[in-house]
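Hello,

Here is the structure I promised to pass on to you. Have a look at it first, and then read my notes below.

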Amino acid sequence: MSKKIRLLSYIETASMILTPMQSLRSFVSYNPLEGFTHLSFEQALKEARIFYPIQGVPTCSMGRKALLNKSIDHQVFEAILHKHLPDMTIEQVLNNSSCACCLMQDNQSYSEVNRFIIKYITLFLDEGQAAWHVPERHKGFFYCFGNMMQNDTVLRQKNVFMQLGESSLDVLYDILSGYPEENWLRILRYQLTQLPGWAGFVKWRAQQRNYQAQQQYPITLVDYLAARLVLARILNTPLCKEFANRLTCPVGMLWLQAWEETYQKRLIQSLSASSKLFQNKNSRAVDAQFVFCIDVRSEPFRRHLERSGNYETFGLAGFFGVPMLYNSFISKEYVSLSPALIEPIIRVKQNSCSYTRQAAEQYKSRYALLSGLYKIIKSVPLYVGAAFTFVEFVGVWLGLVMFLRTLSTTLFARVVEWVRIISMPKVCFAPQKDYTNDGHGLTLKEQVFYAYTALSMMGLREFAPTVFLCGHTSQTLNNPYASALDCGACGGNPGGVSAQLLACILNDEQVRVQLKKRDVIIPENTVFVAAQHNTTTDQLNILNEKFLSRPIAECIKQDIENTSKAVRNERSKNLPTISSPQMRAVDWAQVRPEWGLANNASMIIGLREFTYGIDLQGRVFLHSYDWALDNDGRLLETIMTGPMIVAQWINAQYYFSTVDPEVFSSGSKITHNVVGKLGVMQGNASDLMVGLPMQSLMKNYDQTHHEPLRLLVIIQAPTLLVEKNIEKNAILKQLCDNKWLSLMVFDPSEGKLVTYVPGGSWNIEENFNKQ
Amino acid sequence: MLKLFQADLLSVIVCSYVLAITALVYSFSRRYMSGVPRETLFFVQIWLLAMAVCLFMISDHFVLVLFAWFMMGWLLSQFLSFNQDWAQAHIAARNARLYFLSSSVFLGAALGVIIISHDIWQISVLRSAIVSRSIFLGNMSLFLIILSACIQSALVPFHTWLISSMNAPTPVSALMHAGLINAGGLLLIRLSFMFYEHPYVCIGIVLVGALSAFIGSSWKLVQTDVKRSLACSTVAQMGFMIMQCGLGLYTAALGHLMLHGMYKAFYFFNAGSALYKLDSVRVQKDSASIFFRVFMLVFGGLLAIVLMRIVCGKPINMIDANLFIYLFVAIAGAQVAWCFSIWPVKRYLTCLVAFCLVLFLGILPYGMFARFLHQCLPIDHAQKLSFVHIFIAIFFVVWWLYIVSGYFINNFWLYMKLVNTSQPFIHTMTLQKRRR
């Protein structure tokens with residue numbers, strides 16, 4: 001018995017190296033090597049190469065191109081090369097086309113098990129693509145697996161390893177007990193990393209308590225592993241193989257170092273100029289304040305907005321500090337609007353603003369009507385016999401739509417918009433803020449708590465007459481990776497709802513009274529307005545116009561309009577091919593609607609004056625933070641253990657997807673095949689694809705757009721405070737000490753910039769001089 | 001003088017359809033394929049492929065026909081391995097190439113038999129010879145031609161190349177399912193004069209087509225990925241089209257291949273949206289009374305027949321195969337009505353009106369299109385109904401009712417049979433991470 005418990009703990013340990021993979025409907029970035037962060041970066045790569053055929057560092061061709069287009073400084077690279085490989089000259093590196101970047105080819109003997117697993121698991125996990133699902137699916141994966149195997153002629157004859165109805169743990173134990181216990185971990189790890197996508201999805205799903213499909217049709221990693229081992233025994237393949245010894249290129253790590261150093265140097269140089277710009281700024285009282293998500297795409301918008309008028313901007317994680325499970329009226333499911341780090345506990349329902357209640361009812365019934373109609377038409381061809389003539393009924397109409405959509409994208413989008421406007425009443429939806437008896441909403445105490453934390457986190461104490469809270473979303477068509485472009489802090493969902501909720505809370509009289517007791521004084525005439533930043537077209541949609549009925553509103557709107565135009569102009573220079581951003585948003589043939597978070601490289605935590613007016617090229621996560629409000633370092637701790645970690649995950653996801661596209665990216669979109677309404681496979685059948693598609697990272701097949709750099713974090717705070725937090729949190733210490741990110745601190749009292757050196761000491765950066 | 005080409009209204013219609021679809025695929029791919037290696041080659045190949053189909057439709061000389069047939073297959077299989085460094089794509093392409101090659105060989109053999117035995121080199125000459133009954137063809141060449149068409153149109157049991165073709169870029173799939181795959185039907189339509197006088201051959205074609213139609217649409221029920229699901233549906237639709245050819249309803253087959261082509265191209269283009277889940281509709285499953293549902297079923301079927309009769313204008317008689325068109329129109333109409341009866345609208349009248357409107361919008365363009373083709377192309381030779389036909393019709397109705405009733409869902413044996421018979425070639429699946 002105790003051996004079985006030990007087996008469970010082995011499985012737990014083995015699955016540490018597996019990255020959870022979420023359903024693509026809300027894409028969440030993880031560090032693909034999260035399970036290795038207890039090791040130093042280089043050591044982790046070495047360890048990970050045992051399981052995955054990866055390089056982990058930029059390839060030589062990538063490095064050479066970067067050197068040529070100057071994103072790696074020639075001198076920096078030369079210095080680093082000289083230091084680490086003194087007998088190699090830069091010419092040698094540039095000309096040596098046959099560096100050891102080639103990886104070993106594993107033989108295909110194990111793929112037979114993979115084939116059966118892919119077949120069975122797609123059938124079981126399907127969330128609505130097939131019309132006919134595995135019978136008796138509610139009995140769990142392992143039961144269905146046994147049943148399916150019984151009906152698979154080849155397997156049935158050879159199956160002597162399990163009977164129907166046995167528990168997966170028993171079967172797993174039976175098979176493993178034929179092997180010495182010290183080999184178990186190796187076997188389990190090997191089995192889990194054979195199809196890391198599907199296994200990662202099972203791992204993620206098994207942990208979800210609120211996931212409807214998991215509640216109905218349970219599956220666990222034990223089930224998965226047991227199924228694999230049974231298949232391996234039946235098909236007579238070894239349970240574990242010697243891991244291939246993979247060669248790596250000695251120059252790889254140097255490319256990375258040089259690339260990071262170049263970026264660091266340039267960033268520090270430009271930061272030196274910022275405070276001068278800030279002093280030149282108009283010192284009139286601000287007209288409006290804007291709070292944006294820390295997302296790198298907010299940076300250009302903030303910069304242009306500040307330029308266009310007398311505005312102040314702030315950065316805060318896009319869920320605005322309120323982790324919630326959101327239930328919109330069109331769905332039964334709850335969507336988690338919070339970063340993956342936090343498990344949301346607050347349930348919030350969609351509601352409509354009071355003045356549009358009637359229209360909302362109408363909206364709901366019309367929606368039910370039209371979606372019902374849509375569903376009927378979708379369901380007819382599923383019926384055998386009816387499909388034949390039915391495709392002819394709809395063929396002409398679909399052909400018409402197809403021609404219009406492809407040949408005149410914008411015209412078609414306009415028609416759709418027009419149809420939507422005439423068929424649906426205009427309603428202003430908002431989350432239901434106040435606590436109701438069925439367990440939804442927030443109590444007053446909670447409201448005050450979240451409001452206070454959010455305001456303190458971004459250091460907002462003096463309020464302009466209008467404060468905009470801007471969530472963000474993207475707008476794309478026919479794109480399985482749409483959610484990868486949405487707000488990562490909202491778990492890969494649009495962030496407008498979170499903004500609405502906080503705005504509602506802050507506009508509440510009672511909350512303001514309570515806040516006053518805690519020394520946060522919001523002037524009577526200040527209003528909070530929720531807005532949503534569309535990152536594809538760079539429009540800022542105000543979600544609750546009613547609050548904006550002031551004389552200055554028109555002026556602000558005009559400035560927002562101008563800002564949008566300016567940001568679009570700036571961004572379209574980087575986009576490949578000539579389509580305009582607006583066209584990309586509505587084009588169903590577009591594989592690169594926007595660049596998303598590509599090219600993210602650093603995170604700056606501090607006051608806006610530290611970065612004011614500098615063109616950070618949309619590569620920086622900007623989090624507002626005022627150390628003066630944070631004596632004990634609590635706020636900084638929250639930022640460092642929350643948004644900073646999320647930023648590191650996003651950064652690592654982009655990094656590894658770029659340097660190892662074969663393993664950590666989902667490959668080219670042009671051969672993607674959406675499976676089970678949960679993810680994509682490549683072509684006929686494959687592992688569930690993890691990471692970002694090639695089109696989100698590359699300009700074309702051989703030019704990368706994303707520069708693979710590890711995250712650089714610059715914090716504007718007393719060094720002591722930062723040090724204290726690093727010592728206190730093992731995760732932070734791990735990340736900093738193991739070089740998963742580099743950390744710099746700008747100490748405002750001393751005016752010096754210091755770099756964290758693994759181990760805990762600080763290095764003063766000489767070439768930074770802040771006036 | 002050596003006559004190489006012959007263009008008639010049929011070839012004009014098909015060519016303009018193919019060119020329109022190709023233009024669409026081209027326009028789509030300009031954005032979709034941007035930044036892939038060998039981008040220009042892709043666009044060139046798309047147009048070459050369109051030209052091959054057009055050449056096939058306008059050529060009269062056997063050598064040209066065969067050349068065009070061969071080129072279609074060859075170019076298409078090139079597309080399947082468009083991603084050069086993907087071993088599984090190469091295998092899929094190689095397998096498909098084998099199928100196409102054998103299809104070409106069979107067609108070549110059939111034409112060769114005709115050339116050797118009658119010294120006839122052109123389709124037009126062959127047609128006048130057959131129509132004037134100055135020659136009789138052996139069953140061998142008919143059999144080879146039908147075989148060739150079945151392979152090209154991926155009928156069961158030659159479907160695996162199509163199901164394994166998803167390693168190709170999405171626009172290629174769209175082009176393939178909207179255009180290329182129909183070549184089998186086009187071949188039968190062009191050479192229809194060869195066998196419409198042979199009822200046994202025609203019944204054979206009907207059986208082959210019906211088998212695919214039946215199996216393909218059953219496969220579709222269990223597919224979990226969007227592209228294979230579309231491919232299975234195509235197998236079924238191709239079977240239906242070939243079946244129509246066997247019934248002698250050539251214009252109906254032509255209309256079907258075009259309308260289905262647009263339908264399928266739309267869904268391939270739209271494959272990226274397959275993640276979108278509409279779980280929002282609160283379908284009141286048991287709220288509608290069974291009487292209402294059965295009433296809707298019967299009413300829908302009858303209404304569809306009446307509408308079709310008015311719009312299309314084909315007389316309903318009980319002796320020839322035109323009855324099949326009405327049968328399937330009735331099934332589709334009844335099915336739409338059945339689905340409408342669980343619509344989340346409580347009032348029966350609203351439900352009824354909405355259904356009539358939708359049905360009208362569906363049948364109007366379809367019926368008019370059928371009427372147009374029927375009137376300007378005098379190629380139909382509807383077969384007389386036989387017992388086999390009636391048996392097939394009854395079989396379809398029974399199978400359809402079985403599916404509608406929902407009794408099948410716990411049949412594990414059938415489920416796994418459908419899953420296992422619709423697998424792609426083993427070696428075309430990407431079972432391990434690709435290596436550099």
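Predicted model: local features only at pLDDT ≥ 70, side-chain atom pairs only at ≥ 80, totals over all residues.

**Aromatic rings**

Counting over all chains, there are 67 aromatic pairs in the structure. One of them joins A:Phe41 to A:Tyr655 in an edge-to-face arrangement, with 6.1 Å from centre to centre and 70 degrees between the planes. A:Phe41 sits in helix H2 of chain A and A:Tyr655 in helix H26 of chain A, so this pair ties together parts that are 614 residues apart in sequence.

Chain B has an example too. The ring centres of B:Phe266 and B:Tyr267 are 5.2 Å apart and their planes stand at 85 degrees, so this pair is edge-to-face. B:Phe266 has a relative accessibility of 8% and therefore counts as buried, since the cut-off is under 20%.

**Where the two chains meet**

How many residues of chain B are in contact with chain A? There are 108, and they touch 121 residues of chain A. The two chains bury about 10100 Å² between them, and 64% of that is on carbon and sulfur atoms.

The rule finds one salt bridge across this interface. In that salt bridge, the side chains of B:Arg31 and A:Asp587 meet at 2.8 Å, N to O. As for polar contacts, the count between the chains is 34 residue pairs. Several helices of chain B give two or more residues to the side that touches chain A, including H1 (9-32), H10 (199-222) and H15 (348-376). The largest share of that side comes from H12(B), with 10 residues. By type, the residues on that side of chain B divide into 65 nonpolar, 31 polar and 12 charged.

A:Pro643 is buried, with a relative accessible area of 9%. Leaving aside neighbours within four places in sequence, A:Pro643 is in contact with A:Ile294, A:Ala317, A:Met603, A:His623 and A:Thr638. The C-alpha atoms of A:Pro643 and A:Leu341 are separated by 9.3 Å, although these residues are 302 apart along the chain.

Enjoy exploring!

Best wishes

Terms used. Residues numbered from 1 in each chain as written. Chains lettered and ligands numbered in written order. Heavy atoms only, no water. Contact = heavy atoms within 4.5 Å. Buried area = accessible area lost by both parts, 1.4 Å probe. Salt bridge = Lys/Arg side-chain N within 4 Å of Asp/Glu carboxyl O. Polar contact = N/O pair within 3.5 Å; in protein donor to acceptor, adjacent residues only side chain to side chain. Helix = DSSP H or I, 4+ residues; strand = E, 2+ residues; numbered from the N terminus. Nonpolar A, V, L, I, M, F, W, Y, C, P; charged D, E, K, R; others polar. Phe/Tyr/Trp six-rings, centres within 6.5 Å; stacked < 30°, edge-to-face > 60°. Buried < 20%, exposed > 50% of the residue type's maximum accessible area, 1.4 Å probe, protein only.
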